[in-house]
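Morning, everyone. I will take one structure today and walk through it piece by piece. Please have a look at it before I start.

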Amino acid sequence: MKLTGSEREFYRHFSRHGQGDTLVEITPQEVALLAAMTHLDLHEGDVPRWLGQDLYHVAKKPFFDITVDDIAQLDSRSEAIALDILREAGVTDLTSPEYHYLSNLATLYRRRAKYYRILSRQPFPTSDQIGPRCLLEYGRCESRLLFSWMSWRKLCFDLDNRSAQETGYLFEPIIASCLGGESMGSSNSVVHRLNAEGEPTSQGRQIDCYVKDTGRVYELKMRMTIAASGQGRFGEELSFPREAVAAGFTPVLIVFDPTPSNRLEELCAAYAEAGGESAVGDDAWALLKNNAEHGMATFIEKYIEPPINAARGGVHGTPGSITLQASNHSISISNGEEKYQFPRE
């Protein structure tokens, strides 16, 4: 049975991301699995008949513990069968919590799949790309060691840049969606810059999250850095709460990293002075969950907070020793006890 055009478009909202060389498409089995996880998360204890044993066995596992082998063991399904499961899960109602929940879960799943592919495809650098850099270190060690060191650090630098990029595309939109809002660019923004007389201009302000129903505009930050002030942008950050209030909205600042700084204190004070709100660290997570759409606090607790909390406890000033190994087929990262390995294409 083939899907109609509208059915295929709906199905691909969950199965596809990107296009051309950047296209990521997950299998019908994976779409069905995410629908099963959505149902179990939102309807704890309810195991309907449409949720087969293979789906249930994997769906009840913690998300970050699901392996490639787990996915391979799922029964084969067509797109049409996966779509039937989406219907059974209540996802076809675009206003339902199930649709909202699964949209975010599928986004997280596909972004992880995309980055795994990046790990497999990001090339090691060529001598033309990094050769001149050896002028800074050449002769301080044996040449073969130096060139391996240069190649590894460039690969790690490239992968980290791609990781930061993909995280930026993932994290902020998901948080905005959890709050029931949307991000807005400067061209279509509901908040505009003020002139010297305090009057709105035609120049819009980019908004991390605008929630129409509550009249709130959120500024979302993983951490407060000195980069904005160093590049002359801190004044714009300070002016945003006043501009939001002038447009008739309540400005809310959320900063997840609780590390204190003078800039953070100054920015929080600006929001308070304008009649807005601010929340930092644990208070930021609490505010986020308290204002989340129906069911999305569960999503935050299950899929966003755990890895970030794990990083808090596991990332220290001096990391442990690791060994990097590369072959034509894979890269392995080991600390002597555990191994992280991914294939190379």
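One term first: a polar contact is a pair of N or O atoms within 3.5 Å, where, within protein, one must be able to donate a hydrogen and the other to accept it. Keep in mind that this is a predicted model.

With that term in hand, take Glu7, which lies in helix α1, residues 5–15. Which side chain does the side chain of Glu7 make a polar contact with? The partner is the side chain of Arg87, at 2.8 Å. Leaving aside neighbours within four places in sequence, Glu7 is in contact with Lys2, Leu83 and Arg87. Is Glu7 buried or exposed? The relative accessible area of Glu7 is 18%, and buried means under 20%, so Glu7 counts as buried.

Compare that with Thr27, found in the loop between β2 and α2. Thr27 has a relative accessible area of 31%, which makes this residue partly exposed. The C-alpha atoms of Thr27 and Ser15 are separated by 7.1 Å, and the two residues are 12 apart along the chain.

Now the whole chain. There are 13 helices and 12 strands. Of the 345 residues, 41% count as buried. The C-alpha atoms fill a box of roughly 70 × 65 × 40 Å, taken along the principal axes. Among contacts between residues at least 6 apart in sequence, 63% join residues at least 24 apart.

Next, helix α6, residues 97–121.

Rolling a probe the size of a water molecule over the atoms shows where empty space is left. The largest pocket has a volume of about 2,100 Å³. It is lined by 48 residues, and the closest to its centre are Arg112, Tyr115, Tyr116, Leu119 and Tyr340. Elements that give two or more residues to this lining include α6, β11 and β12. Which element gives the largest share of the lining? That is α8, with 11 residues. By class, the lining of the largest pocket has 35 nonpolar, 7 polar and 6 charged residues.

That is all I have.

Methods. Residues are numbered from 1 along each chain as its sequence is written. This is a predicted model: local features need pLDDT of at least 70, side-chain atom pairs count only at pLDDT 80 or more; totals for chains, interfaces and linings use all residues. Side-chain values use heavy atoms; hydrogens and water are left out. Helices (H or I, at least four residues) and strands (E, at least two) are DSSP runs, numbered from the N terminus. The expected span of a helix is 1.5 Å times one less than its number of residues. On a 1 Å grid over the protein atoms alone, a cavity is a set of points where a 1.4 Å probe fits but cannot get out, and a pocket is an open set with protein on both sides within 12 Å along at least five of seven lines; lining residues have an atom within 4 Å of a point. Grid points are joined across faces, edges and corners, and a volume is the space filled by probe spheres set on the points. Ala, Val, Leu, Ile, Met, Phe, Trp, Tyr, Cys and Pro count as nonpolar, Asp, Glu, Lys and Arg as charged, and the others, Gly among them, as polar. Buried means under 20% relative accessible area, exposed over 50%, partly exposed in between (1.4 Å probe, protein chains only). Contact means heavy atoms within 4.5 Å.
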